[in-house]
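Subject: Two-chain model, handover and notes

Hello,

Here is the structure I promised to pass on. My notes follow below it.

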Amino acid sequence: MLAETDAPVLSLRGIVKTFPGVRALDGVRLDLYPGQVTALIGENGAGKSTIVKTLTGIYQPDEGQIIVDGVETRFPTAQAAGDAGVTAIHQETVLFDEMTVAENIFIGHAPRGRFGLIDRAEMTRRARDILTSIGADLNPSVKLLDLGIASKHLVAIARALSIDARVVIMDEPTAALSHKEIAELYELVEKLKRQGKAILFISHKFDEIFRIADRWTVFRDGQFVGEGVMAGTREAELVRLMVGRNVDQIYPKRPARIGKPALTVAGYCHPTEFDGISFTLHEGEILGFYGLVGAGRSEVMQALFGITQPSKGAVRIGEDVRVIRSTAQAVRAGIVYVPEDRGRQGAVKGLPIFQNVTLPSLKDTSRNGFLRLAEEFALTRTYTQRLDLRAASLDQDVALLSGGNQQKVVIAKWLATRPRVIILDEPTKGIDIGSKAAVHDFMSELAAEGLAVIMVSSEIPEILGMSDRVIVMREGRIAAEFEGDEMTPENLVRAAVGIEGEAA
Amino acid sequence: MSDTTPDRTTRHIPDRLQSPLSRALKSWEMLLLIVAVGIFILNALASPYFLDPWNLSDATFNFTEKAMIAFAMALLIISGEIDLSVGAIIALCSTAIGLAMTAGAQAPVLVLVGLGTGLACGAFNGVLVARFGLPSIVVTIGTMSLFRGISYIVLGDSAFTGYPAGFAWFGQGYVWWVITVELVIFALAALIFWLVLHRSNFGRMVYAIGNNATAARFSGIRVERVKFILFLLTGLMSGIAAICLTSRLGSTRPSIAAGFELEVVTIVVLGGVSILGGSGSIPGVVIAALVMGLVTFGLGLMNVPGIVMSIIMGLLLIGVIALPRLWTMLRRR
């Protein structure tokens, strides 16, 4: 069935893409064959999204070649990629809610009638044809906002077909679908294969990849690490390629003296995001939370911090049972949260450093509700110095600081409240190496002082290097918990992607 | 510099690089103050009647009532919200005062009715915005029609007149020599709002919410509660303004204080409050109110008709806002 001699429709060779401080793609290659599904596999941050954006003309590679039908070409715009027959169905495909199904399918290339006006009748007719061909029972005249996610996916696929695409990129297409809808998607992929389309299928789920892909390519840290045909490949091999880096970075983890339970979570549930979350965190412990993007880790943490409310479940802090309905209550109970989205949720840009730091501690620095600036500067100085903040003055707008230093301001803000539990969500994501080390160093210091620390991270070396214990989440549930020698990269990835049994 | 062992003891970050005084000298408020003094001098040169103390005292009525509301509105706009129903709140408060007066109430009760109606209106706006998360611009455009509509239903073509003598004190009384009661209320309000915005925890929270409401919530601030209080304050100040205005006019018509909301917002924006929220100051609003008052009074002395006056006010607003931007554009050339 697999004709090895087939020439690829599209090939990438030696693609390099750098962003300030990061080499997102470092000389990667990728081949897509007609009538075959190629699975692109890699951890978070391996460069999968960057490659999709390169293929669809959103990013321009710094180096390397894009070869279509053996001819080197460029995709300077998204339009150019579309003209070359490349189309993508994203995790959150850009569609227009206020427009009809037919308009969405034909946006940008609608059939024209007299005077160059859009021929609505023709558009609706062709939309219906395409929808029928993929077995989608949708009315082309319905507005998109009346459709569910699965139907929107079908519209996105119909759009891909309407431009006569030869390469279809599916970026985690099943992330938001139910089992039945996933089965229908598989059928559709088979249909596309029969039509001779080359499909790039990006997914974290191994069962899907083995079910649907013909070939695989693995990226790790922006580099190409291997490719092959699916037949005869074992899961273990792919896992090893995915994580196979050396965990050789030095983490300043200090031996922890694990104390009494600081936080006990029992049966936390949320209608859509997570289910049945129970765990205990101890004083002096660093508890790692690993999982794939979208596994529900941040959602659990934000519920613990009072941003969202759980539908069920209880929290005990020390000895007391607490109900946390707002961030103010969480802070009072001694739980604080350093968010992943620093720009939007972390620092208040526009306010100076000292005002950011004292924001949750104003009760302590003020007298009778009136500010005392000297106290504020003193408190800020204490904590920013411990974190080795680099800034021109404490009166400087946080927006002018680097990402790493903004993160230090956010951490200082919480430490100044003298919390019992600190939750750090991807604490070192996107910050420079120097600040990263400072944050790690400080984290161990805090744990050694008896603070209970939760660290959500998608970086395996960081998780393994810093945690005393690791909880792995998958699809909103706790999938596994590892301690001591069980904490291996293979075990974490297995639990995160959902491979049962078969020892590494 | 790239020393790998961070030197924690010697690195010292200063509290401030710029002293508060030098910052104040380069501020928007300073520019406004210069504009205000300029207009004052122009007026004095243009009309011989301008410098008369009693004339100046009368002139303060051009801004006192609006400025009282402008202080609360400034806080609201800094927090990222707005209240366009303030003129309508005045109408409703004034109507309520009129109803109480017809029922035979005396001045103290009339004041309480005015304050209470203002607070109720503010609470209504506040619940819709803070509790239900509706956009304040839409909510208050709605309540603008709602509140004034109730006044029209109550009054129709008629008016309440014949307020008790004791009630006249608020809008017509003098505390000492040419200093009116309204001017004193204005000054007290300025002082209180200055303390609240610039010297209290609450004011700090207002700035934090205006700069980034999400991050403020993630910092443990009860964003909804702060916003609700701000709407209450705006309602309360509108109630006080309604007492002063009703007392000064001695009558209530449903069209009372029509168009107030835009003049209040003009004062706030002229005072240097960012319409996008996050920055601004009470001194700026005070000076902006003086500028408004001076311009209206000066033009009035020169017999400039009202329509032309509003054109000049509009141009002044655009001019003062555009000035700093033009300045930087010219310097960059």
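Which residue just after H13(B) takes a positive phi? B:Gly272 does, with a phi of about 95°. Helices (H or I, at least four residues) and strands (E, at least two) are DSSP runs, numbered from the N terminus.

Some conventions before the rest. This is a predicted model: local features need pLDDT of at least 70, side-chain atom pairs count only at pLDDT 80 or more, and totals for chains, interfaces and linings use all residues. Residues are numbered from 1 along each chain as its sequence is written, while chains are lettered from A and ligands numbered from 1 in the order in which they are written.

**Helix H13 of chain B**

Helix H13 of chain B covers residues 260-270. It is mostly covered, with nine of its 11 residues buried. A residue is buried if 20 or more other C-beta atoms lie within 10 Å of its own, exposed if 12 or fewer, and partly exposed in between; the C-beta atoms are placed from the backbone. Among the buried residues of H13(B) are B:Phe260, B:Val264, B:Ile267 and B:Leu270. B:Glu261 and B:Glu263 are buried too.

**Chain B overall**

Chain B has 15 helices and four strands. Its radius of gyration is 22 Å, close to the 20 Å that the globule rule gives for 333 residues, so chain B is as compact as a globular protein of that length. That radius is taken over C-alpha atoms, and the rule is 2.2 Å times the number of residues to the power 0.38. The C-alpha trace spans about 80 × 55 × 35 Å along its principal axes. Buried residues make up 48% of the chain's 333 residues.

Contacts next. Two residues are in contact if their C-beta atoms, placed from the backbone, lie within 7 Å. Among contacts in chain B between residues at least 6 apart in sequence, 79% join residues at least 24 apart.

One glycine of chain B deserves a note. B:Gly98 lies in helix H5 (residues 86-102) of chain B. B:Gly98 counts as buried because 26 other C-beta atoms lie within 10 Å. Leaving out residues up to four places away in sequence, B:Gly98 touches B:Phe160 and B:Thr252. B:Val295 is 197 residues from B:Gly98 in sequence and 32 Å from it in space, C-alpha to C-alpha.

**Chain A overall**

Chain A holds 18 helices and 20 strands. Its radius of gyration is 25 Å, close to the 23 Å from the globule rule for 504 residues, so chain A is as compact as a globular protein of that length. Along the principal axes, its C-alpha atoms fill a box of roughly 75 × 55 × 45 Å. Of the 504 residues in chain A, 47% are buried.

Chain A is divided into domain 1 (9-85 + 165-218 + 225-237), domain 2 (97-163) and domain 3 (283-309 + 322-497). These bounds come from an automatic or database domain assignment. The centres of domain 1 and domain 3 of chain A, taken over C-alpha atoms, are 35 Å apart.

Confidence: pLDDT is the predictor's confidence in each residue, from 0 to 100. The mean for chain A is 86, and 94% of its residues reach 70 or more. In chain A, confidence is lowest in helix H5 (residues 149-162), at a mean of 80, and highest in helix H12 (residues 353-358), at 96.

**Two positive phi values in chain A**

A:Asn368 is not a glycine, yet has a positive phi of about 55°. A:Asn368 sits in the loop between helix H13 (362-365) and H14 of chain A. It counts as exposed because it has 6 C-beta neighbours inside 10 Å.

A:Asp388 also has a positive phi, near 60°. Its place is the loop between H14 and helix H15 (403-415) of chain A. A:Asp388 is partly exposed, with 19 other C-beta atoms within 10 Å.

**Where the chains meet**

The contact takes 34 residues from chain A and 26 residues from chain B. On the side of chain A that touches chain B, the elements giving two or more residues are helix H10 (327-333), helix H11 (342-346) and helix H14 (373-386) of chain A.

Best wishes
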